[in-house]
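Subject: Structure for your files, with notes

Dear colleague,

Please keep it open while you read the notes below.

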Amino acid sequence: MVVKFKDCEVVKPSKTTWKGSLTLSEWDQVGTITHCPTIYFYKSNPNWVTPQDAIPNSLKDSLARALVPFYPLAGRLRWIGGGRLELDCNAMGVQFVEAESDSKLEDFGDLSPSPEYNYLVPTVDYSLPIHELPLLLVQLTRFKCGGVSLSLTISHAVVDGPSALHFISEWARLARGEPLEVTPFLDRKVMQGRDDNTPAAAKPLPLDHSEFDQPPLLLGQSDNVEERKKKTTVSMLRLRKDQLEKLKCIANDSYDLYNNSSSAGSTTKRGGYTRYETVSGHIWRCACKARKHKAEQPTALGVCVDSRSRMQPPLPQGYFGNATFDVIATSHSGELVSKPLGYAASRIREAIEKVSNDYVLSAIENMKNQPDLTRFQDLHALGSDEGPFYGNPNLGVVSWLTLPIYGLDFGWGKEIYMGPGTHDFDGDSLILPSSDGDGSVVVALCLQVAHMDAFKKHFYEDLSI
């Protein structure tokens with residue numbers, strides 16, 4: 001596929017915005033602090049805006065207006081020592097790229113992630129100092145058939161998934177000529193824990209935070225350097241509604257066996273396993289089989305839990321920042337494979353149920369007391385071998401099941417496809433709801449090439465158990 005880059009412009013807020021340093025929460029500065037891409041494809045239609053430059057002009061104009069209430073996105077990050085970051089709200093703007101392709105949308109088949117996406121998603125030049133990198137980059141690509149793709153890559157040090165989608169949806173509303181629906185809540189103090197003057201008695205009790213430990217290594221290895229180098233591939237695997245229901249039945253057959261008592265501080269309603277717990281457990285078991293682990297191989301599954309409604313009081317509507325909390329479920333491959341699916345789901349539920357108000361505050365205090373945050377940061381995109389690695393023998397499973405990811409209309413109709421952009425890290429996976437609302441789900445999974453075929457085999461064959 002040939003893509004020609006036509007223009008690259010910096011879009012700044014359309015009005016003067018507050019300038020100064022915004023203190024990030026500890027939670028903004030751990031885990032993934034690089035950019036995360038998403039992409040939307042749109043077919044040409046009779047209501048398409050004309051002339052040809054009307055679409056990019058409309059997008060840039062509404063983007064400039066959206067950056068007024070969402071002004072942190074127009075700023076820049078800077079290192080302040082100890083592996084810590086600060087957000088400089090300086091209105092430097094975001095990058096908007098226009099490109100053209102000689103391909104047609106039909107050339108992409110079902111539009112699933114492929115190497116061609118690398119040309120459609122804006123590139124972040126991580127060789128530059130971090131204070132020179134835009135926090136948001138946008139690329140509009142026109143295709144020969146008249147359709148377009150709109151891709152965004154946004155800094156995870158500034159926002160998490162819910163906040164990113166909040167911004168994107170409000171941008172689209174402004175592009176349609178509608179007013180802002182939910183104003184972003186920009187004060188991050190609510191996720192910064194107690195200040196240094198808080199009496200010790202008022203601070204949260206320290207709790208066990210195994211999520212900050214380095215994930216397990218393959219037995220017999222002293223590091224994960226070699227595993228990080230292995231070639232990966234991405235697959236999109238669909239589970240129809242009837243297959244999903246069958247999987248939940250299989251998991252719940254052993255529900256009582258592994259859920260005899262409620263965990264202390266539980267924030268999850270008791271009952272049958274959720275879609276996420278069930279499908280994640282299935283992914284975990286299939287990965288262990290495909291990777292041919294020894295029975296005694298320790299393995300971890302990273303889970304992202306949105307803490308917004310779990311805090312006391314809940315975070316304000318429109319909280320703009322990182323409030324998704326990373327926890328890990330742990331087990332041994334032999335246990336996961338030999339025991340019923342309900343066991344894997346129970347390990348995941350146990351991890352999720354830990355996330356209470358006290359647990360989050362304790363984790364924040366834990367991070368504030370760390371002299372350096374570098375070892376807690378995933379810098380894989382920067383070519384670093386430091387930080388947590390959720391490739392073999394581990395996994396990370398992110399849920400978009402409850403996020404409003406579909407129906408993004410900038411004034412010319414809704415997308416025909418929305419999905420993650422390029423991701424090539426072994427063990428990364430994402431569970432998305434079907435775009436047509438038929439109750440099915442899609443698993444976007446990245447694994448080592450050597451393991452993918454076996455994984456697909458187990459993923460569907462195990463449904464017949």
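The notes below cover confidence, strands, aromatic rings, one arginine and some backbone details.

This is a predicted model, in which local features need pLDDT of at least 70 and side-chain atom pairs count only at pLDDT 80 or more, while totals for chains, interfaces and linings use all residues. Residues are numbered from 1 along each chain as its sequence is written, and side-chain values use heavy atoms, with hydrogens and water left out.

Confidence

The chain averages a pLDDT of 90, pLDDT being the predictor's confidence in each residue, from 0 to 100. A score of at least 70 is reached by 90% of the residues. Residues 261-269 stay under 50. For that stretch the model has 15 contacts beyond four places in sequence, a contact meaning heavy atoms within 4.5 Å.

Strands

Helices (H or I, at least four residues) and strands (E, at least two) are DSSP runs, numbered from the N terminus. Two strands pair if DSSP finds at least two bridges between them.

Strand β7 (residues 94-101) pairs with β1 and with β8. Strand β1 (residues 3-11) runs antiparallel to β7, and eight bridges join them; C8 has V97 in β7 as its bridge partner. With strand β8 (residues 136-142) the pairing of β7 is parallel, over six bridges, and here F96 stands opposite V138. Six of the eight residues of β7 are buried, so this strand is largely enclosed by the rest of the structure. Buried means under 20% relative accessible area, exposed over 50%, and partly exposed in between (1.4 Å probe, protein chains only).

Strand β14 (residues 395-399) also has two pairings to look at. Strand β11 (residues 298-306) pairs with β14 in the parallel sense over three bridges, with V303 opposite V397. Strand β16 (residues 428-433) pairs with β14 in the parallel sense too, over four bridges, and S399 stands opposite I431 there.

When you follow any of these strands by eye, recall that in a regular strand the side chains alternate between the two faces of the sheet.

Aromatic rings

Rings of Phe, Tyr and Trp (its six-membered ring) count as a pair if their centres lie within 6.5 Å; planes under 30 degrees apart are stacked, over 60 edge-to-face, and the rest tilted. By this rule there are 18 aromatic pairs. One of them is F325 with Y359: the ring centres are 5.7 Å apart and the planes stand at 70 degrees, so the pair is edge-to-face. This pair links distant parts of the chain, since F325 is in strand β12 (residues 324-332) and Y359 is in helix α10 (residues 357-368), 34 residues apart. F325 is buried at 1% relative accessible area, and Y359 is buried at 5%.

One aromatic cluster is formed by Y42, F70, F167, W171, F320, F410 and W412.

K339 lies over the face of Y343, at 4.4 Å from the ring centre. The rule for a charge over a ring is that NZ of Lys or CZ of Arg is within 6 Å of the ring centre and within 35 degrees of the ring normal.

R65

R65 is in helix α1 (residues 54-66) and is partly exposed, with a relative accessible area of 33%. Leaving out residues up to four places away in sequence, R65 touches S14 and L174. R65 and L174 are 109 residues apart along the chain, and their C-alpha atoms are separated by 7.6 Å. The side chain of R65 reaches the backbone oxygen of L174 at 3.4 Å.

Backbone details

Which peptide bonds are worth checking on screen? The one from Q312 to P313 is cis, with omega near -5 degrees, and P313 is found in the loop between β11 and β12. Another cis peptide bond joins N392 and P393, with omega about 15 degrees; P393 lies in the loop between β13 (377-378) and β14.

Phi of A91 is near 55 degrees, a positive value in a residue other than glycine. A91 lies in the loop between β6 (84-89) and β7 and is buried, with a relative accessible area of 15%. K292 also has a positive phi, near 55 degrees. Its place is in the loop between α7 (275-290) and β11, and K292 is exposed, at 69% relative accessible area.

Regards

Technical notes. A polar contact is a pair of N or O atoms within 3.5 Å; within protein, one must be able to donate a hydrogen and the other to accept it, and residues adjacent in sequence count only if both atoms are side-chain atoms.
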